[in-house]
Amino acid sequence: MNEKALQKINNYIALRTEISELSAKLGTLHKDKMACKKACSSCCMNFKVLPVEYFSMLNQLKENPPKEFRELDVEDDDCNFLIDHICQMYEARPIICRTHGLPLLFMNQEGDAWELSACPLNFKKFDDFHTENTYPQDTYNSKLFLINREFVKNHQNEKFGDFDMISLNRLVGDLRK
Ligand code: SF4
């Protein structure tokens, strides 16, 4: 991987750290309502992630391989790294898995109203949410998109378009290469 692509991986890691810190703060703020706990895996699935996130995770998992994983198809709905309801790559998990359970604020498809998504196990009523107590999904998705756009321009081993995404379950095959 060339220097510019590696720099974008570092930018991604910095963004992921910022998001993890915000998620922890929001988790504390909503701790009375959060039913999330170890072994609740209702949110887990074989997500697709942008290449900068995928290759960052691959690098991290090559250094610290997961002890266990499954061998599901890349198109399977279930995540290879969920064993007995426990994530086997928790430290390397993608951004989407770091915001599970929180109230997520985003603009609707028409671009004329805010929408809120939240786990019904955690939140029964959505009437007390505002920008200070929700996760600003569009802001962070935009930042991630811009980092990824520069990454794919500079990633020479495999070419991707700006909107291409890669299934988490491909990691198992790539870890063996
Ligand atoms: S990476 Fe971990 S947290 Fe994310 S879907 Fe897979 S098992 Fe769940």
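Predicted model: local features only at pLDDT ≥ 70, side-chain atom pairs only at ≥ 80, totals over all residues.
Trainee: Which residue takes a positive phi in the hairpin of β4 and β5?

Mentor: Look at the turn joining them: six residues sit between the two strands. The one with a phi near 75° is G111.

Trainee: What pattern does the protein chain follow along the sequence?

Mentor: Count the elements and you get five helices and seven strands. Read along the sequence, they run α-β-α-β-β-α-β-β-β-α-β-α.

Trainee: What radius of gyration does the protein chain have?

Mentor: The radius is taken over C-alpha atoms, and the globule rule is 2.2 Å times the number of residues to the power 0.38. The C-alpha atoms fill a box of roughly 50 × 35 × 25 Å along the principal axes. For 177 residues a compact globule would come out near 16 Å, which agrees with the chain's 17 Å.

Trainee: Is L50 buried or exposed?

Mentor: Here "buried" means 20 or more other C-beta atoms within 10 Å of the residue's own, "exposed" means 12 or fewer, and "partly exposed" is in between, with C-beta atoms placed from the backbone. Buried residues make up 22% of the protein chain's 177. L50 is in the loop between β1 (48–49) and α2 (51–63). Because L50 has 25 C-beta neighbours inside 10 Å, it counts as buried.

Trainee: Which residues is L50 in contact with, leaving aside its neighbours within four places in sequence?

Mentor: Two residues are in contact if their C-beta atoms, placed from the backbone, lie within 7 Å. C79, by the way, is 29 residues from L50 in sequence and 16 Å away, C-alpha to C-alpha. The contacts of L50 are L144, N148 and M165.

Trainee: How far apart are the end C-alpha atoms of α2?

Mentor: The expected span of a helix is 1.5 Å times one less than its number of residues. The buried residues of α2 include P51, Y54, F55 and L61, and the buried set packs against elements including α1 (3–29), α4 (137–154) and α5 (171–175). With 13 residues, α2 should span 18 Å, and its ends agree, being apart by 18 Å.

Trainee: Which residues of α1 are buried?

Mentor: The 27 residues of α1 should span 39 Å, and the distance between its end C-alpha atoms agrees at 39 Å. What covers its buried residues includes α2, α3, β6 and α4. The buried ones are K8, I9, Y12, R16 and L26.

Trainee: Is A39 buried or exposed?

Mentor: A39 lies in the loop between α1 and β1 and has a positive phi of about 85° although it is not a glycine. Since A39 has 7 C-beta neighbours inside 10 Å, it counts as exposed.

Trainee: How many nonpolar residues does the shell around the ligand have?

Mentor: A residue is near a molecule if its C-beta atom, placed from the backbone, lies within 6 Å of it. The residues around the ligand include C44, F47, C79, R93 and L168. Ala, Val, Leu, Ile, Met, Phe, Trp, Tyr, Cys and Pro count as nonpolar, Asp, Glu, Lys and Arg as charged, and the others, Gly among them, as polar. The shell has one charged residue, no polar ones, and a nonpolar count of ten.

Terms used:
Residues numbered from 1 in each chain as written. Pairing = 2+ DSSP bridges. Helix = DSSP H or I, 4+ residues; strand = E, 2+ residues; numbered from the N terminus.
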